[in-house]
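Please look through the sequence and the model shown here.

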Amino acid sequence: MPLKHNVTKYDVLATRIRKIALKNGTSDLPRDEKRAVIMAILVASFSSGLSWKTHNVLMENLSNMHSEEIKEEYRQAKTSRWKSISSADICEVLNMGVSNAAFSSWLFFNVDNAVHSSYKAAWDELQHEFIEACDDIELAGERVVK
């Protein structure tokens, strides 16, 4: 009997990130792949498994957002941790309820002003893309097939 696996949107995004990470350079990526990398950096920056201190600050005490430890976790997320995010990390970050104020504070203290708009757009897209249920994808596919 064949094994049955449920593939979620989190799995699809994590697989996409792994494929992008296998490419040697990230400077020559198309725009949609660059946005996916930014999404992965955001997930790596907020996930408890990859950035424990940032995760705690986002959930408990925003006043520590400007600490050097948070900046270091962002630097690590940007350089290498984004390549190792999993579907569980994506699910955790999207379900932890990061407020707009918390995101803006993190962005202000840690990310270069020149890329604020890219990060904000990627965060908004990440949140909107995962609002609808996974079943909506199957229903859309069935409508096309019929």
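A polar contact is a pair of N or O atoms within 3.5 Å; within protein, one of the two must be able to donate a hydrogen and the other to accept it. In this predicted model, the side chains of Arg 81 and Gln 76 make such a contact, at 2.3 Å.

Where does Arg 81 lie? Its place is the loop between helix H4 (68–79) and helix H5 (87–95). The relative accessible area of Arg 81 is 23%, so the residue counts as partly exposed; the cut-off for buried is under 20%. Apart from neighbours within four places in sequence, Arg 81 is in contact with Ala 44, Leu 50, Ser 51, Glu 73 and Gln 76. The C-alpha atoms of Arg 81 and Ser 45 are 8.3 Å apart in space, while the two residues are 36 apart in sequence.

The overall fold comes next. The protein has eight helices and zero strands, and the order along the sequence is α-α-α-α-α-α-α-α. Among contacts in the protein with a separation of 6 or more, 70% are between residues 24 or more positions apart. The protein has 146 residues, and 36% of them count as buried. Its accessible surface is about 9,000 Å², and carbon and sulfur atoms account for 54% of that.

How many aromatic pairs does a search of the whole structure find? The search finds nine. One of them joins Phe 103 and Trp 106: the ring centres are 6.1 Å apart and the planes stand at 35 degrees, so this pair is tilted. The label follows because planes under 30 degrees apart count as stacked and those over 60 as edge-to-face, with the rest called tilted. Phe 103 and Trp 106 both belong to helix H6 (residues 100–110), where they are three residues apart, about one turn of the helix. Both residues are buried.

Phe 108 and Phe 109 also form an aromatic pair, this one edge-to-face, with 5.1 Å from centre to centre and 80 degrees between the planes. Is Phe 108 buried or exposed? Phe 108 has a relative accessible area of 56% and is therefore exposed. Phe 109, at 34% relative accessibility, counts as partly exposed.

Together with Phe 46, Tyr 74, Tyr 119 and Trp 123, they form one aromatic cluster.

Technical notes. Residues numbered from 1 in each chain as written. Heavy atoms only, no water. Helix = DSSP H or I, 4+ residues; strand = E, 2+ residues; numbered from the N terminus. Buried < 20%, exposed > 50% of the residue type's maximum accessible area, 1.4 Å probe, protein only. Contact = heavy atoms within 4.5 Å. Areas by Shrake-Rupley, 256 points an atom, 1.4 Å probe, with all protein chains shown as cover. Phe/Tyr/Trp six-rings, centres within 6.5 Å; stacked < 30°, edge-to-face > 60°.
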